Amino acid sequence: METTQQERGNWGSTAGFILAAAGSAIGLGNIWRFPYMTGQNGGAAFVLIYLVFVALIGIPVMIAELTIGRHTQKNPVGAFLKIVPGTSWHWLGMLGVITGVAILSFYAVVAGWTLGYFFKALVGDFNRAMTPEVLGKLFTGFIGNPAIAIALLAAFMGITMLVVVRGVSEGIERWSKILMPLLFLLLLMLSIRSVTLPGAGKGLEFYLKPDLSKIHPETVAQALGQALFSLSLGMGAMITYGSYLSKRDDIPKAAVSVAIFDTLIAVLAGLMIFPALFSAGLDPAGGPGLVFVVLPSIFAKMPGGWFFGSSFFLLLSVAALTSTISLLEVPVSYLVDEKGWTRKKAVGLTGLFTFVLGIPSAISQGSSAWFSKLPVVAMDFLSLMNALFGNYSLSVGAFFISVFIGYKWGVSAAVSEVRTGGNSFPLSGSWGFVVRFICPIAIFFVLAYIAVTGRYF
Ligand code: TRP
C-alpha cells in the first residue's frame, strides 16, 4: 500500500529534524544505561571504547540508515522491499520492527520509574538527607511493587501512544525543541555540584582515567551495544526518521550533530553520577538502580534540591518520551505503510501488545521471584531483554545495514542519494571504506569473540 508524501508528513526544517533525531537518541540510554554500563564495565576504559565506537561505527551507520530512509521514504521493511525487491533483505527490516517493540517494552518500564521518581521528588520524598542504604531500599521497594510498576508502565505507554497517534511533525518536533536544551543545562549544573562534593576525585579517576587491564571481550561488546543503543541505531529507527527528511537536508551534517549532542549528554551524565557515587561510598557496579540511588543523594545536598530533583526527573521523563516515540514509530510506520492499517489502529494494537510484553519486565525487579531470576541465564527478565535486544540485536542489525550499503545497494548509489538536492559529502570516500570494511569486520569480530568465549552478559 502506498501512502502519499502528504499523509506521511515531513519535518518542518533541518533544525527541527536534528532536534527530533537528537530527541530519539537522547534518553534513558544516556542518563540511565550509560552510567550503569560504565560502572559495571570498569569505568574509563569502557568510556574510551564507547567513544571510539560512536565515531567509527555510530556516525557511519547513522548516515547509512538516514540515507536508506530518505531514498525510499519508507519504514524499514518497505525500504528494503523498495531498493531490493524479491530478496530476503526485508527480513532485516522485520528484525528492526521486532527489536523496536522489544526495546520499547522494557524501556517504558524504566521510563515509568522515572515518572514515579518525578512524583516522589515533587512531594518532597528526597528533601531529607538520607544514607545511600536508605535510598537503595527506597528504590528496590519502589520498583518491587508490582501494582506501581505496572501502572507507571501503562501510563508511559499511554502518553507515548497519544503523541504517536497525532503524527510526526507536530507531535515530536514541538516537544524536543524546548525541553532538550533545558535538560542539558540541568545536567551541567548537577555535574558541577557532583564534582565539587567531598571525595569526588576518586569518581573522576574511575570515570576518566582508563585502566586498560579492565578491557574484556564482553566490555567491548557492551560498549558497541551501548553506542548503538544510545544513537538509536541498528533497528531502523533512523531509517524511519530519515524517511521524513527532505532532499534539501544534509545527512552527514545531521548525523554528526546528533552524535555530538548525544555523546555530550552521556559524558555529562557520567560526570554527574560518578563523583557523587564515590562521594557517597556506593558501588559503581550497582546496576540499573544507579541513577535512582545516586541522584537523590545529590539533591538532598544542594540548596533548592526539591526544585532540581523534581525538574530533573520530569525532564528525564520527557527525554525518555521523545525516545519511546521513535521506538513506537517504527512498528507503526511499518503497519501503516505495508499493511494499510490506519494510524490509530496501528498505535492502539502495537501499544497494547508492547504494554503486555512489558509486564514481565515490570515485575522482574523483585515482585515475581521467577521473572526476577530466570532459570539458566540467572538474571532478571528486564536485564535479559536489555542484553538481547538492546545490545546484540542492534549489533546484528548494524552489521547487516553496513553490509547492505557496502555490498548490495552499493556505496555509490548511497552517496548519490546523500548528494541529491545539491548537498556535498566531502568524506564520501572514507565513509564508503568504513561502511564496507571497518563496520562489518569490527562488529563481526566483537560478536564472534563473544560467541566463542560464551560471555554474553
Ligand atoms: N537512543 C535512545 C536512548 O538512548 C533509546 C532509543 C530510541 C533506541 N530509539 C531507539 C535505541 C532505537 C535503539 C534503537 O535512550
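Residues are numbered from 1 along each chain as its sequence is written, and side-chain values use heavy atoms, with hydrogens and water left out. In this predicted model, local features need pLDDT of at least 70 and side-chain atom pairs count only at pLDDT 80 or more, while totals for chains, interfaces and linings use all residues.

**Helix α4**

- Helices here are DSSP runs of H or I with at least four residues, and strands are runs of E with at least two, numbered from the N terminus.
- Helix α4 covers residues 44–72, 29 residues in total, and spans 40 Å from its first C-alpha to its last.
- That is close to the 42 Å expected at 1.5 Å a residue, where the expected span is 1.5 Å times one less than the number of residues.
- A kink of about 40 degrees is centred on Val54 in α4; the bend at a residue is the angle between axes fitted to the seven residues ending there and the seven starting there.
- Of the 29 residues of α4, 23 are buried, meaning under 20% relative accessible area, with exposed being over 50% and partly exposed in between (1.4 Å probe, protein chains only).
- Gln73 follows α4 and has a positive phi, near 55 degrees.

**Helix α20**

- Helix α20 runs over residues 428–453; its 26 residues reach 36 Å from first C-alpha to last, close to the expected 38 Å.
- α20 has a kink of about 40 degrees, centred on Val434.
- Val434 is also one of the buried residues of α20, which include Trp431, Gly432, Cys439 and Pro440.
- The buried residues of α20 pack against α4, α11 (217–230), α18 (381–409) and α19 (411–419); contact means heavy atoms within 4.5 Å.

**Cavities**

- The structure holds two cavities of 30 Å³ or more.
- A cavity is a set of points, on a 1 Å grid over the protein atoms alone, where a 1.4 Å probe fits but cannot get out, and lining residues have an atom within 4 Å of a point.
- Grid points are joined across faces, edges and corners, and a volume is the space filled by probe spheres set on the points.
- The largest cavity has a volume of about 140 Å³, and of its 15 lining residues the closest to its centre are Ser24, Ile103, Phe229, Ser232 and Leu327.
- α15 (305–339) gives the largest share of that lining, three residues.
- By class, the lining of the largest cavity has nine nonpolar, six polar and no charged residues; Ala, Val, Leu, Ile, Met, Phe, Trp, Tyr, Cys and Pro count as nonpolar, Asp, Glu, Lys and Arg as charged, and the others, Gly among them, as polar.
- The second largest cavity, of about 50 Å³, has Pro76, Phe80, Met235 and Ile401 among its lining residues.
- α6 gives the most to the lining of the second largest cavity, with three residues.

**Met302**

- Met302 sits in the loop between α14 (290–299) and α15.
- Met302 counts as buried because its relative accessible area is 11%.
- Leaving out residues up to four places away in sequence, Met302 touches Leu190, Arg193 and Phe308.
- Met302 and Asn127 are 175 residues apart in sequence, yet their C-alpha atoms are 9.7 Å apart in space.

Key
On a 1 Å grid over the protein atoms alone, a cavity is a set of points where a 1.4 Å probe fits but cannot get out, and a pocket is an open set with protein on both sides within 12 Å along at least five of seven lines; lining residues have an atom within 4 Å of a point.
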